[in-house]
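This report describes the fold, packing and side-chain contacts of a single protein chain. The sequence and coordinates follow.

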Amino acid sequence: MKSEYNIALIGDLKGCVEIMLEVLVARSFPVGKIFPLQTESIDEVDDETKSVMFSGKPVDVKDINSFDWEQVDIAFSDRYRNHKTVGRYCQ
């Protein structure tokens, strides 16, 4: 069993992803790296959405279309909103 896990979070960055981050912190989940993933092109979102806060530090949002899934141990998704997008990458 690993001591820390690299986590991908897919969903609404200003809603579902923020809540997932809060839960990870509240539960003291052993996070190595966190990867918030944007389903829209990263160039199409405003500057405020290009990072999220985790443990008091900003984490850059990555584009799901060019993301390297080999670096992830666990992925959490807002499945009702993004299930078709995530399904392409998590097979």
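Which exposed residues does the face of helix 1 turned away from its buried side carry? That face carries I19, E22 and A26. Here exposed means over 50% relative accessible area, buried under 20% and partly exposed in between, with a 1.4 Å probe and protein chains only.

The model is predicted: local features need pLDDT of at least 70, side-chain atom pairs count only at pLDDT 80 or more, and totals for chains, interfaces and linings use all residues. Residues are numbered from 1 along each chain as its sequence is written, and side-chain values use heavy atoms, with hydrogens and water left out.

## Overall architecture

The chain has two helices and six strands, and along the sequence these follow the pattern β-α-β-β-β-β-β-α. Helices (H or I, at least four residues) and strands (E, at least two) are DSSP runs, numbered from the N terminus. Of the 91 residues, 37% count as buried. Among contacts with a separation of 6 or more, 69% are between residues 24 or more positions apart; contact means heavy atoms within 4.5 Å.

Four strands form an open sheet in the order 5-2-1-6, with parallel pairing. Two strands are taken to pair if DSSP finds at least two bridges between them. Strand 5 and strand 6 are at the edges with a single partner strand each, so one side of each has no neighbour in the sheet. Between strand 2 and strand 5 there are two bridges in the parallel sense, and L37 stands opposite K62 in strand 5.

Strand 3 and strand 4 (residues 57-60) run antiparallel and are joined by four bridges. Within this pairing, M53 stands opposite P58 in strand 4. Two residues lie between the strands of this hairpin.

## Helix 1 and the cores

The buried residues of helix 1 (residues 16-26) are V17, M20, L21 and L24. They lie on the same side of helix 1 because they cover an arc of only 100° around the axis, the arc being that of the directions from the helix axis to the C-beta atoms. These buried residues pack against strand 1 (5-10), strand 2 (31-38), strand 3 (51-54) and strand 6 (74-77). Helix 1 lies across strand 1, strand 2 and strand 6, and runs at about 155° to strand 1. For this angle, axes are lines fitted to C-alpha atoms, for helices over the stretch in contact, and angles run from 0 to 180 degrees between N-to-C directions.

The largest nonpolar core has 14 residues, and those with the most contacts inside it are I7, L9, L21, I34 and F54. Strand 1, helix 1, strand 2 and strand 3 each give two or more residues to this core, and the largest share, four residues, comes from helix 1. A nonpolar core is a set of buried Ala, Val, Leu, Ile, Met, Phe, Trp, Tyr and Cys residues joined through side-chain atoms within 4.5 Å. Apart from its neighbours within four places in sequence, L21 is in contact with L9, I34, V52, M53 and F54. A second, separate core of eight residues includes I64, F67, W69 and V72. In soluble globular proteins, nonpolar side chains tend to be buried together.

E18 also has its place in helix 1. E18 and V52 are 34 residues apart in sequence, and their C-alpha atoms are 7.5 Å apart in space.

## Salt bridge

One salt bridge is found in a search of the whole structure; the term denotes a side-chain nitrogen of Lys or Arg within 4 Å of a carboxyl oxygen of Asp or Glu. The side chains of K2 and D73 meet in a salt bridge at 2.7 Å, N to O. The pair links distant parts of the chain, 71 residues apart: K2 is in the segment before strand 1, and D73 is in the loop between strand 5 (62-63) and strand 6.

## Accessibility of selected residues

| Residue | Relative accessibility | Class |
|---|---|---|
| K2 | 45% | partly exposed |
| D73 | 34% | partly exposed |
| E18 | 31% | partly exposed |
| S28 | 62% | exposed |
| S55 | 52% | exposed |

## Positive phi values

Most residues other than glycine have a negative phi, and most peptide bonds are trans. S28, in the loop between helix 1 and strand 2, has a positive phi near 55°. S55 is not a glycine either, yet has a positive phi of about 55°; S55 lies in the loop between strand 3 and strand 4.
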